[in-house]
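Q: I have a structure open and would like to go through it piece by piece. Can you help me read it?

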Amino acid sequence: MSGFPALFYKEMLRFWKVVVQTVVAPVVTALLYLLIFSHVLEEHVEVFPGVSYTAFLVPGLVMMSMLQNAFSNSSSSLIQSKMQGNIVFVLLPPLSYLEFFLAYLGAAVIRGLVVGLGVWAVTLWFAPPQMPHPGWLLAFSLLSCGILGAVGIIAGIWAEKYDQLAAFQNFLILPLTFLSGVFYSIHSLPPFWQAVSHFNPVFYLIDGFRYAFVGQSDADPWLGLLVGGACFVAISAFTLALLKSGYKLRH
Amino acid sequence: MNPVSAIRVSGLMKRFRATQALDGVSLDIRPGEFFGLLGPNGAGKTTLISILAGLTRADAGTASVMGHDVVRDYRAARRALGVVPQELVYDPFFNVRETLAIQSGYYGLRHNDDWIDEVMHHLALAPHADKNTQSLSGGMKRRLLVAQALVHKPPVIVLDEPTAGVDVELRRSLWDFIAGLNREGHTILLTTHYLEEAEALCGRIAMLKHGRIVACDTTRRLLQHTNEHCAQLRVDAEALPAPWQARLQRDADGSLRFDFSDYAELENLLADLRGAGVRITELHLHEPDLEDVFTDIMQRA
């Protein structure tokens with residue numbers, strides 16, 4: 001694992017050098033969502049008994065921000081390196097594909113967690129801090145950032161142009177995060193869409209994460225952990241196979 | 001004979017869609033050589049280098065660096081190799097020193113500051129150590145690429161068109177540095193379009209065309225390959241002695257061109273001119289250089 005620390009450090013330094021864009025901006029975006037939706041819906045919606053809409057929304061927003069930023073970190077780093085051509089700097093050294101994977105994944109997870117922490121910190125103003133199950137919080141944060149970080153690696157390797165990556169982001173990642181119960185409970189959906197949601201792994205991630213905050217959820221958090229864990233293993237295995245084959249990186 | 005070659009490729013084949021980029025290339029470069037790889041654009045030079053560097057995988061054949069197969073033993077092979085890529089690439093997130101420290105880290109070198117300082121000094125990058133790579137001039141970016149290829153002190157250094165776009169003065173200092181590395185025992189593999197550079201620096205040269213090696217020999221023997229000499233002269237008479245009229249071509253500027261392979265022919269020409277009372281007002285001799293050899297070999301191949 002000789003080259004891993006340097007690649008991990010480089011990936012960390014990369015997003016930290018543009019922290020306003022990579023951390024502050026998503027925190028502000030999440031804050032805007034919170035202001036608008038809690039203003040409009042606070043009086044009208046009570047998803048779980050005894051839980052205010054704002055308290056319901058906060059974990060959803062934290063999770064959505066983590067998911068999007070973990071994806072964004074690995075995918076944009078790779079596509080930029082490919083477009084610039086400086087991807088050769090990491091292809092020439094004796095880095096193994098496992099080191100490559102872990103470095104990009106690790107930085108994506110850290111970026112996701114930092115953004116999540118930032119969003120949570122600013123929402124403390126609006127919802128009183130509560131955390132009945134911190135263990136679940138940790139488990140679902142790591143799992144979610146890991147899954148989306150790995151998906152970001154796949155997208156970054158696959159995309160050959162910025163617009164292809166943007167399509168991936170706009171037509172897959174964004175709908176997946178928006179339609180997975182960030183703003184609503186799936187119990188408010190028609191039965192068909194409720195059933196569909198149970199096949200969406202991101203739903204389990206957000207639902208389980210919310211359980212850590214409010215102690216109530218649509219699905220059993222253990223089931224969520226199982227689904228999330230299986231997803232992470234499958235996607236990681238696929239990403240590693242992709243890296244090992246040299247797909248789109250080595251001709 | 002040294003059993004371990006610095007670079008050894010054997011029967012390399014690579015096809016990109018309709019183009020056969022490499023069509024059975026074999027080469028054996030010994031440690032300490034300064035080896036030139038020449039050929040027109042699209043001859044397969046960069047493909048060959050990419051296979052050595054592990055950026056491209058060969059369809060058939062094998063390649064090794066310091067005895068390490070570039071596929072099976074890729075970590076050892078890459079550790080032994082420093083590549084200066086042809087494209088002027090850089091990472092705009094970092095400054096010069098960060099770039100070199102990170103690149104060292106990829107090879108597992110944590111405390112490489114002394115060597116980084118030395119490389120920056122030799123490549124005149126030291127005054128720019130804290131500059132963002134984006135603000136560097138083209139020549140500086142090129143030298144940073146050279147520095148990046150050297151952070152792990154590789155025994156084998158590959159330079160793909162390293163002086164394209166570098167001004168004359170910098171080119172000279174770059175070559176002094178590379179030649180110094182070669183004297184210290186580093187093996188150098190160079191591709192360049194500047195044939196006079198190859199002629200001056202390389203001990204051995206291979207020429208590629210359409211993915212095949214069409215010539216591979218010491219620079220000295222390649223230069224002897226053609227014994228086509230040429231004399232350019234002006235005379236004060238319109239008419240030439242009859243036997244020579246067909247042999248001399250009149251160029252557009254009025255001078256006469258005489259191609260010969262043996263100096264005795266020139267001797268005869270001069271004697272006949274003197275005998276006919278023709279006075280020579282100007283005379284230039286052109287010895288064959290690598291460019292003539294290159295052109296000749298490429299046309300025949």
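A: We can go through the helix packing, then a sheet, then the contact between chains. This is a predicted model.

Q: Start with chain A. At what angle do helix 6 and helix 10 of chain A pack?
A: Helix 6 (residues 134–158) of chain A packs against helix 10 (residues 221–245) of chain A at about 30°. Their axes are 9 Å apart.

Q: Parallel or antiparallel, then?
A: Angles under 35 degrees count as roughly parallel, so helix 6 and helix 10 of chain A are roughly parallel to each other. Their crossing is left-handed.

Q: Which residues meet there?
A: From helix 6 of chain A, they include A:Trp136, A:Phe140, A:Leu143 and A:Ile147. Helix 10 of chain A brings, among them, A:Leu225, A:Gly228, A:Phe232 and A:Ile235.

Q: And how do the residues of that contact divide into nonpolar, polar and charged?
A: There are 16 nonpolar and five polar residues in the contact of helix 6 with helix 10 of chain A, and no charged ones.

Q: What about helix 3 and helix 5 of chain A? How far apart are their axes?
A: The axes are 8 Å apart, and helix 3 (residues 53–84) of chain A makes an angle of about 150° with helix 5 (residues 97–123) of chain A. That makes helix 3 roughly antiparallel to helix 5 of chain A. The crossing of this pair is right-handed. By class, their contact has 14 nonpolar, eight polar and one charged residues.

Q: Switching to chain B. What is the strand order in the open sheet?
A: The order is 2-1-4-5, four strands with antiparallel pairing.

Q: Which strands stand at the edges?
A: Strand 2 (19–29) and strand 5 (68–69) of chain B. Each has a single partner strand, so one side of each is left without a neighbour in the sheet.

Q: How many bridges join strand 1 to strand 2 of chain B?
A: Eight, with strand 1 covering residues 7–16 of chain B. In this pair, B:Arg15 stands opposite B:Gln20 in strand 2 of chain B.

Q: What packs on the sheet?
A: Helix 1 (residues 45–53) of chain B does, touching strand 1, strand 2 and strand 4 (60–65) of chain B. The direction of helix 1 makes about 115° with that of strand 1 of chain B.

Q: Last topic. How many residues of chain B are in contact with chain A?
A: 23 residues of chain B are in contact with 23 residues of chain A. Helix 2 (74–79) and helix 3 (96–106) of chain B each supply at least two residues of that side of chain B. By class, the side has 11 nonpolar, six polar and six charged residues.

Key. Residues numbered from 1 in each chain as written. Chains lettered and ligands numbered in written order. Predicted model: local features only at pLDDT ≥ 70, side-chain atom pairs only at ≥ 80, totals over all residues. Contact = placed C-beta atoms within 7 Å. Nonpolar A, V, L, I, M, F, W, Y, C, P; charged D, E, K, R; others polar. Pairing = 2+ DSSP bridges. Axes fitted to C-alpha atoms, helices over the stretch in contact; angles between N-to-C directions. Parallel < 35°, antiparallel > 145°, perpendicular 65-115°, else oblique. Left-handed = near helix turned anticlockwise from the far one by under 90°.
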